[in-house]
Amino acid sequence: MIDVAWSDFTPWTALAGGLLIGLAAALFLLLNGRIAGISGILGGLLSPSRGDIVWRLAFMAGLIGAPLAWLMVADLPPIEINAGYPSLVIAGLLVGVGTRYGSGCTSGHGVCGLSRLSLRSLVATLSFMAAGFITVYIIRHLLGA
Amino acid sequence: MKYNLASLFAGLIFGLGLIISGMANPEKVLGFLDIAGLWDPSLALVMAGAIIVGVVAFAVARRRTLSFLGFSMKIPTSTHIDKRLIIGGLSFGVGWGIAGFCPGPGLVALGAGEIKAAVFVVAMVAGMAVFELIERQRVKT
């Protein structure tokens with residue numbers, strides 16, 4: 001059965017952060033009429049067309065600049081990256097190809113797609129969630145890494 | 001100008017949400033994906049919080065032809081469920097499970113100055129470039 005890691009579980013900050021992510025997606029949708037899908041916004045920069053570049057860079061600047069904005073007020077919470085460099089390269093390649101091929105990631109399909117009750121996004125979300133669960137199971141419990 | 005400022009602002013709020021929620025930390029994401037170990041359900045609450053707000057926003061957006069700043073609404077219309085969607089999702093999920101990074105948190109951790117996140121992001125952009133090249137070949141033939 002499932003053992004919950006109660007000492008790691010952070011329900012209030014998780015919910016607060018989730019509401020902020022939802023707010024960001026809502027603002028982007030209601031002000032600019034677009035889906036806040038990170039992989040799509042980034043990937044679109046690789047086949048740029050006129051008038052379609054600056055807003056993408058602006059969104060990326062906001063996202064990448066968020067830790068700097070945070071640091072003006074408080075220390076950043078820990079970021080623990082235990083994967084080694086070869087794993088990070090393989091993971092990055094798979095995430096890059098996979099999100100573009102499947103037209104979205106955790107934000108575009110997971111947050112925005114489920115919010116608009118898209119069956120297509122639900123199928124995508126179940127696909128990457130299932131693959132994520134299985135991969136971690138294999139790495140941590142079968143290979144014992 | 002308004003469009004770009006709104007994009008910057010949305011990106012910033014999104015990033016702050018990822019930091020507060022703990023999702024910029026791959027170890028915490030992996031704690032959610034590890035259901036056979038000690039399971040950290042936090043990610044589910046992040047999704048729930050985001051979707052609660054998102055449902056309202058999309059309900060409002062659906063009734064509009066122009067955004068509140070007067071831009072055209074670009075909401076996806078595809079409902080097609082095909083191999084591309086599922087194979088793409090599965091590949092993404094394997095990568096997500098290996099490192100604990102999906103695109104947003106990878107970029108935020110890069111902004112926090114993490115060298116390992118930079119390596120992940122470079123590989124991710126390379127993966128996206130591979131996709132572009134394959135797609136261009138496919139369109140030509």
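Modeller: Happy to; I will begin with the salt bridges and then turn to the cavity. Please keep in mind that this is a predicted model.

Over all chains, the structure holds 9 salt bridges. With A:R34, the closest N and O atoms of the salt bridge are 3.8 Å apart. That pair links distant parts of the chain: A:D52 sits in the loop between α2 (38-43) and α3 (54-71) of chain A, while A:R34 sits in the loop between α1 (11-32) and α2, and the two are 18 residues apart. The 3.8 Å separation falls inside the cut-off, since a salt bridge needs a side-chain nitrogen of Lys or Arg within 4 Å of a carboxyl oxygen of Asp or Glu.

What does the salt bridge between A:R140 and B:D34 join? Its closest N and O atoms are 3.2 Å apart. The pair joins two chains, because A:R140 lies in helix α6 (residues 119-142) of chain A and B:D34 lies in the loop between α2 (26-33) and β1 (38-39) of chain B. In accessibility, A:R140 is partly exposed, with a relative accessible area of 25%. B:D34, for its part, has a relative accessible area of 7% and so counts as buried, the limit for that being under 20%.

Searching the whole structure gives 1 cavity of 30 Å³ or more, and the volume of the largest cavity is about 200 Å³. It is lined by 18 residues, and those closest to its centre are A:T106, B:L18, B:M47, B:C102 and B:P105. Chain A contributes α5 (106-115) to the elements that give two or more residues to this lining, and chain B contributes α1 (2-21), α3 (42-62) and α5 (103-111). By residue class, the lining of the largest cavity has 15 nonpolar residues, 3 polar ones and no charged ones.

To bring the two topics together: A:R140 and B:D34 form a salt bridge that joins two chains, while the lining of the largest cavity draws on elements of chain A and chain B and holds no charged residues.

Notes:
Residues are numbered from 1 along each chain as its sequence is written. Chains are lettered from A and ligands numbered from 1 in the order in which they are written. This is a predicted model: local features need pLDDT of at least 70, side-chain atom pairs count only at pLDDT 80 or more; totals for chains, interfaces and linings use all residues. Side-chain values use heavy atoms; hydrogens and water are left out. Helices (H or I, at least four residues) and strands (E, at least two) are DSSP runs, numbered from the N terminus. Buried means under 20% relative accessible area, exposed over 50%, partly exposed in between (1.4 Å probe, protein chains only). On a 1 Å grid over the protein atoms alone, a cavity is a set of points where a 1.4 Å probe fits but cannot get out, and a pocket is an open set with protein on both sides within 12 Å along at least five of seven lines; lining residues have an atom within 4 Å of a point. Grid points are joined across faces, edges and corners, and a volume is the space filled by probe spheres set on the points. Ala, Val, Leu, Ile, Met, Phe, Trp, Tyr, Cys and Pro count as nonpolar, Asp, Glu, Lys and Arg as charged, and the others, Gly among them, as polar.
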